[in-house]
Amino acid sequence: MPQQRVVLKNCGVIDPRRIETYLERDGFKALAKVRREMTREQVTDEIKASGLRGRGGAGFPTGIKWEGARQAPGEEKYVICNADEGEVGTFKDRYILERDPFTLIEAMAIAGYAIGAKQGYIYLRAEYHHLFDLLQNAINQAKKSGYLDGFRIEIREGAGAYICGEESALMDSIEGKRGESRYRPPFPTTSGLWGKPTIINNVETLMNIPQIILNGAGWFSQMGTERSKGTKVFSISGDVENPGVYELVLGSPLRELVEDLASAKDIKLIQIGGATGRILPYEKIDTPLAFETVLGAGAVTVYNRSRDVIDIVYRTMEFLAEESCGKCTPCRQGTEVMVEILEKFHRGEGREQDIRNLEALSQVMMLTSLCGLGQAAPNAVMDTLQYFKDAYKKRVVV
Amino acid sequence: MENKVNLTLNGRAVSARQGMTILEVARENGIDIPTLCYLEDFSPMGACRLCVVEVEGSRTLVGSCHTPVTEGMVVHTHSPKVLAARKILVELLLASHPDSCLVCDKANICELRRIAADLEVGLPRFHARKHYYPVEDENPHIIRDMSKCILCRRCVIACKSAGNGSMFSVAYRGFESKVVFGCDQLVDEAAVCPDFDGCIALCPSGALRKPVKIGEERAEKALIIKG
Ligand SMILES: Cc1cc2nc3c(=O)[nH]c(=O)nc-3n(C[C@H](O)[C@H](O)[C@H](O)COP(=O)(O)O)c2cc1C
Ligand code: SF4
Ligand code: SF4
C-alpha cells in the first residue's frame with residue numbers, strides 16, 4: 001500500500017498563516033455542515049460508525065468517548081486537544097501543527113458542537129513554544145471569520161513534563177496543579193477538567209474529523225483493518241536514511257515504512273511507540289502496523305546491528321524513571337530498581353537472579369501501576385528478555 | 001430505598017450500596033485488605049497500590065480504595081496473583097528504606113513493618129539507592145526523618161485539612177519525590193501547627209514522630225511482630 005494523505009492532506013499545500021488558503025480546500029465546510037444539518041447525536045454517531053480510534057497511544061474509540069461526554073449531564077463541558085507530544089521519537093503532531101493548524105481548529109469546534117462545550121484548550125508542549133504565535137494567529141483568523149462563534153479556544157503551554165501528556169495529569173496541569181495521574185473511574189467524559197465532562201484527543205485524532213464529516217463514516221472505514229480504520233501518521237528516526245513523517249493506511253507492513261520509505265539497512269531491532277513502546281526484532285519486519293499488533297502513537301525508532309540491546313533498554317528506563325510522576329509505588333520505586341539492575345548489566349555485572357527479578361518486577365509494574373506510564377514502563381525490558389535474552393546472559397558474571 | 005449492587009467477593013455473593021468502593025465492601029464483610037495511603041475520611045489517593053485486587057475481566061489489578069463496585073463484579077482480594085503483587089510492592093518500598101528498624105522509634109507500631117510481616121515478605125529481593133536526608137529535629141513538636149518516608153502522603157492530606165495553610169506538600173518527581181516543608185526547608189524551631197499530632201499519628205512509618213523525652217512514658221502499646 002502506498003502513502004495515503006488524509007491527515008496530511010493540506011500539509012505543504014496551504015499557507016498555515018492564511019485562512020483563505022484553507023478555505024480554498026473545503027476549509028470549515030464540515031463545521032458548517034454539522035451546524036446546519038446535523039444533530040449532536042448524528043455527529044457522535046458518525047464518528048462512532050467511522051471506527052476512528054485515538055492516535056495518542058491508547059487507541060480508545062473516539063466516537064464512544066464523544067458520546068459519553070455528550071450524554072454526561074452538565075452545562076459546562078470542555079474539549080482538550082493533546083498537543084503535548086512527549087513520547088520519545090514522535091514529531092508528527094509538530095509536523096501537523098506547523099503546516100495545518102486550521103483543520104485542528106475546525107475539528108475542535110466540531111467536537112465542541114458535538115458534546116455541547118463552549119470552551120476548548122490546546123495543551124501545547126513546552127518545547128513547541130515557537131508554534132504558539134502560529135496557532136494563536138490561526139485561532140484569531142478563524143474567530144474573525146466567524147467560525148468560532150460560541151466556542152473559545154485557548155492555548156495552554158506545558159512545562160516540560162512527559163507525564164503531563166497523560167490525560168489526567170494534563171488536566172491537573174491546566175488547573176494549575178502539580179501534574180500527576182488520577183485514578184479512573186471517574187473518566188474525563190463525566191468528570192474531567194475542573195470536574196466537568198471533558199473530551200481529550202490527540203492532534204492527529206482530531207485531524208481526521210472534518211473529512212469523516214464531509215465524506216462520511218463509510219469512506220473512512222473502508223481504509224484499514226478490521227479494528228484499525230483509516231490512516232496513521234508515523235514519525236520514523238534512528239538508523240535510517242530518510243527519517244521523517246509518513247502517512248500510511250493502517251495495517252501496512254512495518255517493512256514498507258522502515259525499508260521502503262525510510263531506507264533502513266542492516267536492522268537489528270525496531271522500537272515502536274517510543275519509550276513505553278514495544279520492541280520487535282528484525283525477523284518481525286512483516287508485522288502489520290495496527291492497533292491489533294503494534295502502534296502506540298506511531299513513533300518508530302530503528303536500531304542497526306551496531307547497537308547494543310542493553311544500552312537501548314537502559315537508556316529507555318533511565319528516561320522513564322526520570323519522568324515518573326512519583327505518585328505510585330510500583331512506578332516510582334520500580335523504575336529506579338530497574339535502572340539500577342540494568343546499569344549492572346550495562347557494566348557487565350548482571351546476575352542470573354537479576355533476570356528473574358526483572359521478569360517478576362515487570363509483571364507487577366504492569367499490573368498495579370496507577371497510569372499508563374508505569375504500566376508500560378517494563379515493555380522494553382519484557383520484549384528484549386523475550387527476543388534478546390542472550391544480550392542479558394552475556395552480561396551475567398559467573 | 002438505596003440502590004443495591006450485587007457482586008461476588010472471594011466466591012461469596014454479597015450486596016452493597018451503590019457508590020461504595022471495593023475496599024469498603026470488603027471491610028464491611030470482614031475481609032482485611034492492606035492499605036498504606038488510604039484514610040477513611042478523605043478522598044482516596046490510589047498511591048501506594050497495596051490495596052489492589054483482582055476483578056475478573058480487567059486487564060490489570062485494580063485499586064480497591066478508589067474503585068466503586070458495579071453490578072455483577074467478581075472480585076478476588078487474596079488470590080495468589082494479588083498476594084504476589086502486594087509482596088513485591090512492599091519489597092519495593094523496603095528497597096530504598098534504611099535498615100534501621102532495630103533502633104527506630106516507631107518499630108513496634110510501624111504499619112510498614114506489620115504489613116511486611118503479614119505478607120511474609122522476608123528479605124527484599126530488590127535494592128535501590130537510599131535517600132539520605134538530614135533528620136529534622138529542631139522543632140519541639142515534631143521530628144521528621146524523610147529518609148524513612150514511604151510517600152504515602154497521609155501527612156500532606158492531614159496538613160491540607162488542618163487549615164493552617166499547607167506546610168507539607170510533595171515536590172520533585174519520580175524516585176526523587178519528597179514531602180517537603182515550605183520550599184524544601186528543614187522544619188525549624190519556629191514552625192507551628194495547631195495539629196502536629198494529627199500527621200504524626202497518621203504516619204505509617206518512622207518518618208514522623210514526636211520528640212520523646214528520656215524517661216517519659218510512651219503512649220503506644222507494644223505490638224508483636226510475626227516471623
Ligand atoms: C505517560 C503518558 C504520556 C502520554 N503522552 C501523550 C502525548 O504526549 N500526546 C497524546 O496525545 N497522548 C498522550 N498520552 C495518551 C493520553 O493519556 C490520552 O490517552 C490521549 O490524549 C487521548 O487522546 P486520543 O484518544 O485521541 O489518543 C500519554 C499517555 C501516557 C500514559
Ligand atoms: S504509574 Fe508512574 S507516572 Fe503513573 S501515577 Fe504511578 S508514578 Fe505516576
Ligand atoms: S512522612 Fe509519613 S505520612 Fe508523610 S508521606 Fe512520608 S510516610 Fe507518609
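How many cavities of 30 Å³ or more does the structure hold? The structure holds four. This is a predicted model, in which local features need pLDDT of at least 70, side-chain atom pairs count only at pLDDT 80 or more, and totals for chains, interfaces and linings use all residues. Residues are numbered from 1 along each chain as its sequence is written, chains are lettered from A and ligands numbered from 1 in the order in which they are written, and side-chain values use heavy atoms, with hydrogens and water left out.

A cavity is a set of points, on a 1 Å grid over the protein atoms alone, where a 1.4 Å probe fits but cannot get out; lining residues have an atom within 4 Å of a point. Volume is the space filled by probe spheres set on the points, which are joined across faces, edges and corners. The largest cavity holds about 150 Å³. Its lining has 15 residues, and H131(B), M146(B), C149(B), I150(B) and L151(B) are the closest to its centre. Two elements give two or more residues to this lining: α14 (329-346) of chain A and β8 (178-181) of chain B. Helices (H or I, at least four residues) and strands (E, at least two) are DSSP runs, numbered from the N terminus. By class, the lining has seven nonpolar, six polar and two charged residues. Here Ala, Val, Leu, Ile, Met, Phe, Trp, Tyr, Cys and Pro count as nonpolar, Asp, Glu, Lys and Arg as charged, and the others, Gly among them, as polar.

The second largest cavity has a volume of about 110 Å³. Residues of chain B line this cavity, including H97(B), C101(B), C104(B), C110(B) and K148(B). Six of its lining residues are nonpolar, four polar and two charged.

A residue counts as near if one of its heavy atoms lies within 4 Å.

Now turn to ligand 1. It is surrounded by 18 residues, with G56(A), N82(A), N201(A), N202(A) and T205(A) the closest. Polar contacts are pairs of N or O atoms within 3.5 Å. A polar backbone atom of G56(A) sits 2.7 Å from an oxygen atom of the ligand. K65(A) brings a polar side-chain atom to 3.0 Å from a ligand oxygen. On a nitrogen atom of ligand 1, the distance to a polar backbone atom of G165(A) is 3.3 Å. On its own, ligand 1 has 610 Å² of accessible area, and the protein covers 90% of it (Shrake-Rupley method, 1.4 Å probe). β4 (198-202) and α16 (372-376) of chain A each give two or more residues to the shell. β4(A) gives the most, with three. The shell has three nonpolar, nine polar and six charged residues.

Next comes a pocket. Pockets are open sets of grid points with protein on both sides within 12 Å along at least five of seven lines. Of its 24 lining residues, D172(A), K177(A), E180(A), K327(A) and K160(B) lie nearest the centre. The lining divides into 10 nonpolar, five polar and nine charged residues.

Strands β7 (267-272) and β8 (278-281) of chain A run antiparallel, joined by four bridges. Strands pair if DSSP finds at least two bridges between them. Q271(A) has I279(A) as its bridge partner. Five residues lie between the strands, and G273(A) takes a positive phi near 105°.

Notes
Polar contact = N/O pair within 3.5 Å; in protein donor to acceptor, adjacent residues only side chain to side chain.
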